[in-house]
Amino acid sequence: MARDSSATKARLLDAAFSEFAAYGIAGARVDRIAEAAQANKRLIYVYYGNKEQLFDAVLQRALETGSESVPFDAEDLPGYVGLVFDHLVARPDLMRLVQWKQLERPGTTDAEAESYQGKIAAVERAQGAGLIDPALDPADLLALVMALAQAWTGTADGAAGNPWPLERLTRHREAVVESVRRLIAPPQPARRDTP
């Protein structure tokens, strides 16, 4: 019985992910989620409470999957941002889900806040080790890094859901990684000219 309920929950989360990414919370329909999951609609309410709580569960699962797929590495932010970029390009529905969350449920969850605080602390440690420019506020730096990883979605083609050619994506990824490399570079000591 437990295995069966786990499989049903997984199918519901998968179906809900697709539904919420396509329609947001307001436009999503519980009937369509249940049908796509081949589950009784009543089970959504039994397992998740309501549509908003189901959305929260879908988003939490997506964030956990992202964190497992792309572990945060403050000591290599250029490498990290490249991997985040790859993760998001491979999962355009994830970006749409996040955008719906920002539109319909602004603010951060406790889990998001906890994860963010851990990243800030890791950046502060990397700054203390001389790996990142210490003049940058860690929270600002993280916001800039994540914005760069997602920048392609704000372009006319990205926003319209039109995939970029591989060559264009590759060039943009290189620009994102290089931008972060330059952003975090610690200041170099002034050179003294010898007579």
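Contact here means heavy atoms within 4.5 Å. The structure is a predicted model, in which local features need pLDDT of at least 70 and side-chain atom pairs count only at pLDDT 80 or more, while totals for chains, interfaces and linings use all residues. Residues are numbered from 1 along each chain as its sequence is written, and side-chain values use heavy atoms, with hydrogens and water left out.

Let us start with the overall fold. The protein has ten helices and zero strands, where helices (H or I, at least four residues) and strands (E, at least two) are DSSP runs numbered from the N terminus. Along its principal axes, the C-alpha trace spans about 85 × 35 × 30 Å. Of the 195 residues, 33% are buried; buried means under 20% relative accessible area, exposed over 50%, and partly exposed in between (1.4 Å probe, protein chains only). Among contacts between residues at least 6 apart in sequence, 65% join residues at least 24 apart.

The largest nonpolar core holds 48 residues, of which Leu12, Phe20, Ile33, Leu54, Leu77 and Leu97 touch the most other members. Its largest share, seven residues, is supplied by helix α1 (residues 2-27). Such a core is a set of buried Ala, Val, Leu, Ile, Met, Phe, Trp, Tyr and Cys residues joined through side-chain atoms within 4.5 Å. Leaving aside neighbours within four places in sequence, Ile33 contacts Leu12, Ala15, Ala16, Glu19, Phe20, Ile44 and Leu54.

Lysine 51 is buried yet has no salt bridge, and the nearest side chain of opposite charge, glutamate 52, is 5.7 Å away. A salt bridge requires a side-chain nitrogen of Lys or Arg within 4 Å of a carboxyl oxygen of Asp or Glu; for charge, Lys and Arg count as positive and Asp and Glu as negative, with His and the chain ends not counted. A polar atom of the lysine 51 side chain does lie 2.9 Å from the backbone oxygen of alanine 28. Not counting residues up to four places away in sequence, lysine 51 touches Phe20, Ile25, Ala26, Ala28, Arg29 and Val30.

Helix α5 (residues 77-90) comes next. At 1.5 Å a residue, its 14 residues should span 20 Å, which agrees with the 20 Å between its end C-alpha atoms. Buried residues of α5 include Leu77, Tyr80, Phe85 and His87, and their cover includes α4, α6 (92-104), α7 (110-128), α8 (138-150) and α10 (166-184).

Note on methods: Polar contact = N/O pair within 3.5 Å; in protein donor to acceptor, adjacent residues only side chain to side chain. Expected span 1.5 Å × (residues − 1).
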